[in-house]
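Please view the sequence and the structure first.

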Amino acid sequence: MSARALTVSYSLILHLTLCILCACQPTPEDGPKNTPKTAPDATSQAATTLHYFTWTDYVSEDLLNAFEKANGVKVVVDTFSSNEELLAKLQSGASGYDVAVPSDFMVSIMIKQDLLAELDLAKIPNVGLVDERLQHLPFDPENRYSIPYLWGTVGIGYDSKVIPTAPESWGVLWDPQYKGRISMLNDQRELFGAALRAMGQSANAKDPKIIEQAKAKLVSQKPLVKTYSSDNYDQLLVSGEVALAHGWGGAVARAMAERPSIKYVVPKEGATIWSDCLVVLKTSRNRELAMRFINFLLDRDVAARTTNRLLFASSNREAKALVLAPLRQNPAVYPPDSTFDRLEWITDVGEAIKLYDRAWTELKLR
Amino acid sequence: MPSLAWLGIFFFIPLLLVLVISFAARGTYGGVEWTFSLANYTTLLDPLYLTIFVRSLALALVTTAVCLLLGFPLAYYIARAPLRWQGIWLLLVMIPFWTNFLVRTYAWMFILRTEGLMNTVLMNLGLIASPVEILYTDAAILIGLVYGYLPFMVLPLYAALARMDYSLVEAAWDLYASAWNVLWRVILPLTKPGVIAGCILVFIPSLGAFITPDLLGGARSMMLGNLIQHEYLVVRDWPFGSAISFVLMTLVLLGLWGYYRVEGVGRMT
């Protein structure tokens, strides 16, 4: 789910651009200097300020204000635009964040890196309202460290004016008649995931031969692809530049709002399901407040308003009834029950990531 | 010496850190494992990565050449303009810097895309029958890079041209030198430090550019900057990313050093 966010990381890119302009390459040690202005200052106001580290465009100001008023605290929001960026910032020394929102596979990496604090579920009663289908997830079955927050699928957004019959298979993204009108996610795991599922394989394949076949499949597709993009394909769909976009449901839902002929499908070979999860960081000094904040975000009314505004489904099963009807029935926001048995979580593939990395580099060199 | 301290803090120490990390290995979950190995450097010899080096070098060279061809006449015009106009022209050259580079790159996407400004205007003028597909091609990357770095070429060229003694050019004309000879034998030698400074300022950032290939090139091909960014952020293989960065920097520094040795250029603009 690396770049569901709307834009690439402004601060990081500015920083890197400056580095490159100065003809010095960025070093990982730049990290601490890179800590954003809003970065937590643990010594001051430790009891009254909550530092929330979340995705770009992933918060509702009015909801935060409500929490601030009700609890007499201040919430400082800082954003990231990919899971990798989140991890990089935490690994390079940014400390003092209280609550963060990594995606599923990143939760498991953060657990292994010992970055997360155990949750005090007694203080988060709303955990009981989490959708059954999002309970006991493989990366954290007991919700010891994380609770699903917003979730959805990755599928195909298409323009029904150009493609009148709903495409059922990933194969449509390999159909030469749509040459130059296809966009694919510029995300290593999701891009290979689409090819692997199209081949009938798991998106988490570790077998070098199968990864190599997936690469060959993507190489054969490349002449048809207009762009690999993770952040503006919804605009490309709206403007008609592309007729087919491999993308996150929420982003396709945004495109639908502006161009009603856009539709969304989860292909029959299966697709990715993802969930962004609320976690408390080990370095948090306000754990009790952090638990209260998580419980607040998972509240039925708060969750419904979040979904209405962000177009991503909330994990609270009771919230769905309060969500605007068009969103409730939109398969790009709430995956239909019939698709569930063919959805798969992206998991950390360990050392096999190097195979994906090489295949990805080779694809980009064609 | 303050300049030495400055270089030390902002250049040598970061460079040293990059060098040290480049000998380490990636931990399974992305950290740095402190072992000593040259594996990251031998991996770089793989034809896969050599191809990326060659491609990026070629793109940076073409960008520099186009910037020089476009920037020289512009700088010459500005330097020969009346003084009060010179300030205005230079200001116009620099104004784009007031806007974030990312925003300007997005603006180019709107200009170049199929139903964008350029195609609309050209089609309404009847110059083309169907839209030209430029966005998401190598041509779009080149346009973006030339646009982005042209001021870095124009400013040092202007500085050199403004300082040039124009009576020498007049003397050349008086001695019946051809236009080509005036340019090649008089103006260029007199402004060489400016040309070199401009080329360096354009070439080096073009070599490391990664936003432009991603946004205007549609991330269809990978340049050195993208590779380094990918290794650091996506693969979280800092040691390998450091090795690439270090080799890149060493090549650039060697190139510069070799140039100064051969040409004996003593000072820069």
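## Terms and model

A salt bridge is a side-chain nitrogen of Lys or Arg within 4 Å of a carboxyl oxygen of Asp or Glu. One such pair joins the side chains of A:Lys226 and B:Glu133, at 2.9 Å from N to O.

This is a predicted model, in which local features need pLDDT of at least 70 and side-chain atom pairs count only at pLDDT 80 or more, while totals for chains, interfaces and linings use all residues. Residues are numbered from 1 along each chain as its sequence is written, chains are lettered from A and ligands numbered from 1 in the order in which they are written, and side-chain values use heavy atoms, with hydrogens and water left out.

## Where the chains meet

Between chain B and chain A there are three salt bridges. Contact (heavy atoms within 4.5 Å) links 52 residues of chain B with 52 residues of chain A. The two chains bury about 4,600 Å² between them, 63% of it on carbon and sulfur atoms; buried area is the accessible area (1.4 Å probe) that two parts lose on being put together, summed over both.

## The second largest pocket

A pocket is an open set of points on a 1 Å grid over the protein atoms alone, where a 1.4 Å probe fits, with protein on both sides within 12 Å along at least five of seven lines; lining residues have an atom within 4 Å of a point. The second largest pocket holds about 420 Å³ of space, a volume filled by probe spheres set on the points. Its lining has 18 residues, and B:Leu61, B:Ile200, B:Phe203, B:Gly255 and B:Leu256 lie nearest the centre.
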